[in-house]
Amino acid sequence: MSADPSQVALLRVQDLHVEFKSRRGNAMVLNGVDFEIRGGETLCVVGESGCGKSMTALALLRLIPSPPGRISHGRVLFQGEDLVAATEARMREVRGNRISMIFQEPMTSLNPVFTVGDQIGESLRLHAGLDAGAARKRSIEMLQQVGIPAPERRVDEYPHQLSGGMRQRVMIAMALACRPDILIADEPTTALDVTVQAQIFDLLRELQRDKGTAILFITHDMGAVAEMADRVMVMYAGRVIEQGTTAQVLSQPGHPYTRGLIDCLPELGSSLGAEAGERDDLAEIDGVVPSIWELGSGCAFRERCPHAMPRCATEVPPMFALDVASSPGAPHGAACWLHAEALEEATTP
Ligand code: SF4
């Protein structure tokens with residue numbers, strides 16, 4: 001956790017909308033997503049499957065399958081340049097070079113017919129202009145950096161010859177080979193056991209400390225959030241419903257959905273205060289995430305929310321700033337009408 005809040009945003013996402021066309025019509029899978037990432041920080045994006053986390057990552061790199069998908073509105077400003085408007089040639093320069101991504105399951109992302117050395121070296125040849133010998137030398141160094149033993153031998157091996165943990169390390173080596181400004185890690189440890197997961201977390205933190213890389217860490221696991229994040233962004237049904245520092249979001253969640261996610265993790269919930277600590281059963285959020293075809297108007301969480309009120313069915317709640325004083329650049333905010341009620345009560349004489 002090495003963020004320097006004084007740094008300006010490396011990436012600023014503004015009002016991003018992604019829609020998919022189908023025979024049923026157009027579905028909005030991202031609906032006005034706003035956030036920023038600063039140099040050297042880890043922003044965790046959290047939410048259940050289908051909330052838009054991975055779609056956000058793919059949209060940043062313009063990797064949404066098109067058709068049927070498309071970015072219908074918004075901007076992705078990377079160091080001031082709008083990637084939504086960039087040419088495909090420019091995006092090839094950005095991907096794997098300035099912004100890299102590691103995926104959930106390395107076996108589906110690594111090419112089984114090329115050695116790991118060939119695959120790490122490819123981006124070095126393409127983006128850094130290294131010849132084959134220099135790329136191989138650098139690939140061995142990268143394998144060493146990510147903690148793979150005997151890298152001179154492993155560099156000539158194929159993905160199937162490596163364990164799951166080693167393949168994920170190879171993916172990280174590939175993603176970091178060109179020293180990207182931003183690393184997007186999409187559930188990078190889901191397929192790994194807890195010991196290897198802890199090693200991968202340590203490795204990411206160490207590499208971030210050494211290289212100053214910003215990390216966009218996508219997860220559904222609040223435990224991983226507590227361990228990795230400087231700031232947290234919670235998504236639900238294609239919208240950002242809460243943002244703030246890790247301490248703000250985990251200790252004073254402003255959205256009932258975030259509260260539910262935290263309460264689903266007993267160790268974390270019980271360590272956050274008496275309210276959660278009173279329970280000794282395993283909580284769960286009732287209901288399921290609504291289909292993108294059934295969102296209708298209002299707050300998408302209303303069918304599962306114990307606090308829902310009439311306006312929740314008709315008006316989408318805006319993001320309410322909760323704690324501007326303690327983090328003026330990126331205040332803690334939650335998109336929930338409960339905060340409008342609280343504001344109204346506070347201002348009523
Ligand atoms: Fe619950 Fe209403 Fe807040 Fe949505 S806006 S989370 S339904 S109280």
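Mentor: Before we start, a residue is called buried when its relative accessible area is under 20%, exposed when the value is over 50%, and partly exposed in between, using a 1.4 Å probe and the protein chains only. This is a predicted model, in which local features need pLDDT of at least 70 and side-chain atom pairs count only at pLDDT 80 or more, while totals for chains, interfaces and linings use all residues. Residues are numbered from 1 along each chain as its sequence is written, and side-chain values use heavy atoms, with hydrogens and water left out.

Trainee: Why is helix α11 called largely enclosed by the rest of the structure?

Mentor: A helix is a DSSP run of H or I with at least four residues, a strand is a run of E with at least two, and both are numbered from the N terminus. Helix α11 covers residues 256-263, and because eight of its eight residues are buried, it is described as largely enclosed by the rest of the structure. Among these buried residues are Pro256, Arg259 and Asp263.

Trainee: What makes threonine 115 buried or exposed?

Mentor: Threonine 115 has a relative accessible area of 9%, which is set against the limit of under 20%, and therefore threonine 115 counts as buried. This residue is found in the loop between α3 (106-109) and α4 (116-128). Leaving aside neighbours within four places in sequence, threonine 115 is in contact (heavy atoms within 4.5 Å) with Val155, Asp156, Glu157 and Tyr158.

Trainee: What share of the residues in the chain is buried?

Mentor: Of the 349 residues in the chain, 50% are buried, and the chain has 14 helices and twelve strands.

Trainee: Which residues are the closest to the ligand?

Mentor: The ligand is surrounded by 13 residues, of which the closest are Cys299, Cys305, Cys312, Cys336 and Trp337, where a residue is near a molecule if one of its heavy atoms lies within 4 Å of it.
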